[in-house]
Amino acid sequence: MNKDKHFKSGFVAVVGRPNVGKSTLINALIGDKIVIVSDKAQTTRNRIVCVYMDEKKQIVFMDTPGIHKPKHKLGEFMVKAAVDSLKEVEAVLFLVAGNEKRGPGDNFIIEQLKNVDVPVFLVINKIDTLAKEQILETIVEYQNLYPFEGIIPISALEKDNIHEVLDVLEQVLPEGPQYFPEDMITDQPERLIIADIVREKILLKTREEIPHAIAVDVDEMKQRPDGTTYIRATIYCERDSQKGIIIGKKGNMLRELGAEARTDVERLLATKVYLDLWVKVKKDWRNKSGMLSEFGYE
């Protein structure tokens, strides 16, 4: 790639309350599925770095956990990770769902933004579900709360106005180095991405029955002589009843989860995969610092 002599680069935090579409937006911006997407709150648990690059710029997006009132140590860690990210960036995208009323989480984020001295853009998502009058009402409401550098209505799902986000960031980012190689789109190790793929399938398949009491750990990953990759992963839940739901009648649910996850993992690794899933109970793991550290959350 031939870089422009006035090449621009920088780090951009994507913040918002849970379930407003942060991960969907980043996947649309990067053009590749890196962060897991679910219609449930708190899907993202770590700050995930995703990299966009063209000949003029490299933008390093930090997808943060949704800012919410924490109910356990995992929640406290997630909120701290999101707020801390505001101190390390050249710009901030504050994402709100245009089809939802402003809530306490949005107000809390706006208060945090008052301590930020970099450009902040309001990104109004889900405009594909709104009339123009509703979009204008949302713009006016938020304009009165904070002096945003700009306001961009988008649909992350339909990829409407996505290039507008990249264009405004290019305008405010400083000239700088290429932080990451051209072919790198995330800083997440393969094992973490694979664990997140499995977790995504559980969130999608089990719906309300198993909310966020699960963690996935990849225990073993090795190449076999026949060229396939063997992956053994353990799904941790907090109660025996949750374990039963994940395994399902005669193991049907676990087989379905494994088949769907394997398809995505094979696409990621570009090789045939044997995915060996196990389910274990770790009571109240979200409140245990040792377990949080073991799962990479601290």
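This is a predicted model: local features need pLDDT of at least 70, side-chain atom pairs count only at pLDDT 80 or more; totals for chains, interfaces and linings use all residues.
Trainee: In E8, which residue is the bridge partner of valine 216?
Mentor: Residues are numbered from 1 along each chain as its sequence is written, and side-chain values use heavy atoms, with hydrogens and water left out. Helices (H or I, at least four residues) and strands (E, at least two) are DSSP runs, numbered from the N terminus. In E8, valine 216 is bridged to isoleucine 235.

Trainee: Over how many bridges do E7 and E8 pair?
Mentor: Two strands count as paired if DSSP finds at least two bridges between them. Another bridge joins valine 218 to alanine 233 in E8. E7 and E8 (residues 229–237) run in the antiparallel sense, and the number of bridges is eight.

Trainee: Which residue in the hairpin of E7 and E8 takes a positive phi?
Mentor: The hairpin has five residues between its strands. The one with phi near 95° is glycine 227.

Trainee: How many residues of helix H1 are buried?
Mentor: Buried means under 20% relative accessible area, exposed means over 50%, and partly exposed is in between (1.4 Å probe, protein chains only). Helix H1 (residues 22–30) is mostly covered, with Lys22 and Asn27 among its buried residues. Out of nine residues, the buried count is nine.

Trainee: And what arc do the buried residues of H3 cover around the axis?
Mentor: In H3 (residues 104–113), the buried residues are Gly105, Asp106, Ile109, Ile110, Gln112 and Leu113. The arc is that of the directions from the helix axis to the C-beta atoms. These residues sit on the same side of H3 because the arc they cover is only 160°.

Trainee: How many residues does the largest nonpolar core have?
Mentor: A nonpolar core is a set of buried Ala, Val, Leu, Ile, Met, Phe, Trp, Tyr and Cys residues joined through side-chain atoms within 4.5 Å. Residues with the most contacts inside the largest one include Val12, Leu25 and Phe61, and elements giving two or more residues to it include E1 (8–15), H1 and H5 (162–172). Apart from it lies another core, of 24 residues, including Ile246 and Leu257. The largest core's count is 27.

Trainee: How many disulfides are there?
Mentor: A disulfide here is a pair of cysteine sulfur atoms within 2.5 Å. Cysteine 50 is buried, at 0% relative accessibility, and cysteine 237 is buried at 0% as well. By the sulfur rule, the disulfide count is zero.

Trainee: Where does lysine 250 lie, and is it buried or exposed?
Mentor: Most residues other than glycine have a negative phi. Lysine 250 has a positive phi of about 55° although it is not a glycine. Its place is the loop between H7 and H8. With a relative accessible area of 73%, lysine 250 is exposed.

Trainee: What is the phi of lysine 159?
Mentor: Lysine 159 lies in the loop between E6 (150–153) and H5. At 53% relative accessibility, lysine 159 counts as exposed. Its phi is positive, in a residue other than glycine, and the value is near 65°.

Trainee: Which residues does asparagine 99 touch, not counting those up to four places away in sequence?
Mentor: Asparagine 99 sits in the loop between E4 and H3. It is partly exposed, with a relative accessible area of 39%. Its touching residues are Lys126, Thr129 and Leu130.

Notes
Contact means heavy atoms within 4.5 Å.
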